[in-house]
Amino acid sequence: MFALNLLQPVPQALPDAAPVDAVILADGAASAASAHADKGLDILGLVLHASLPVQFVLLLLLLASIASWVIILRKKRLLDRAEREADQFEGAFWSGTELSKLYATVTARHRDIEGLEAIFESGMREFNRVGQRRGVDPRMQVEGAQRGMRATSSRELDGLERNLEFLANVGSISPYVGLFGTVWGIMIAFQGLANLKDATIASVAPGISEALVATAMGLFAAIPAVWAYNRFATRADRMAVRYEAFSEEFASILQRQANAGG
């Protein structure tokens, strides 16, 4: 009986080092993954290591993007000022002030007259100039005022719409320019595989990444330009309708004044 007990295996506890080793391995893997994630995407490195044609494309798109943002900021300031001054002038115009006093106030200002003020000033000036002639037909006075207001309105709208075509061109052409850089970079990347015996995805990945930066830069330049063009073109069209409506209303007032004077 005692011999049988000696032959039975004695249960032993697991070593404490095993869980510790597992924790150390898990921590090491997590640290390695974290270090890889922190490394991120080095855009500047991709640009600096790209081929010369791709770098030229990126430089061209960067300049187009900077020029677009300059135009966007200036055009926003210009349209905001035009709308604000139009609101102020219409408030003064429809407040019941005499046209002669309002005309004297507008012309006495020591600054460039723009927007509705310029349209009013040109119409009133032509109306008074033609009215100084003896025996003039009242219709000729109004027609002269209308011609002056149309010319001034066209000049003002041309200033509001200036450089919008550049935004349209950047928005429509930039993606294709970026695509050209991408295609060129991919061709260079695959051409480099000809000298490799064992071609893997790791061999071609850096070149493709450099090429795709051109597409991203093209979209970066195009998206703000397209949005700004649509936004500013709509605001310019609204100002055109506003100028035309004011010209028609002012011409009606001048028509009644000319008939009353005649």
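Which residues line the largest pocket? Ile-71, Arg-74, Lys-75, Arg-77, Leu-78, Arg-81, Gly-159, Arg-162 and Asn-163 do. A pocket here is an open set of points on a 1 Å grid over the protein atoms alone, where a 1.4 Å probe fits, with protein on both sides within 12 Å along at least five of seven lines; lining residues have an atom within 4 Å of a point.

This is a predicted model: local features need pLDDT of at least 70, side-chain atom pairs count only at pLDDT 80 or more, and totals for chains, interfaces and linings use all residues. Residues are numbered from 1 along each chain as its sequence is written, and side-chain values use heavy atoms, without hydrogens and water.

The largest pocket holds about 210 Å³ of space. H4 supplies the largest share of its lining, six residues.

H4 spans residues 52–93 and packs against H8, residues 164–191. Their axes lie 10 Å apart, at an angle of about 160°. That makes H4 roughly antiparallel to H8 (over 145 degrees). The crossing is left-handed. By class, the contact has 16 nonpolar, five polar and one charged residues.

H4 also packs against H7, residues 138–161, at about 145° with axes 9 Å apart. Here Lys-75, Leu-78, Leu-79 and Ala-82 of H4 meet Gly-159, Leu-160 and Glu-161 of H7. Four of these residues are nonpolar, one is polar and two are charged. Lys-75, Leu-78 and Gly-159 also line the largest pocket.

Note on methods: Axes fitted to C-alpha atoms, helices over the stretch in contact; angles between N-to-C directions. Helix = DSSP H or I, 4+ residues; strand = E, 2+ residues; numbered from the N terminus. Parallel < 35°, antiparallel > 145°, perpendicular 65-115°, else oblique. Left-handed = near helix turned anticlockwise from the far one by under 90°. Nonpolar A, V, L, I, M, F, W, Y, C, P; charged D, E, K, R; others polar. Points joined across faces, edges and corners; volume = space filled by probe spheres on them. Contact = heavy atoms within 4.5 Å.
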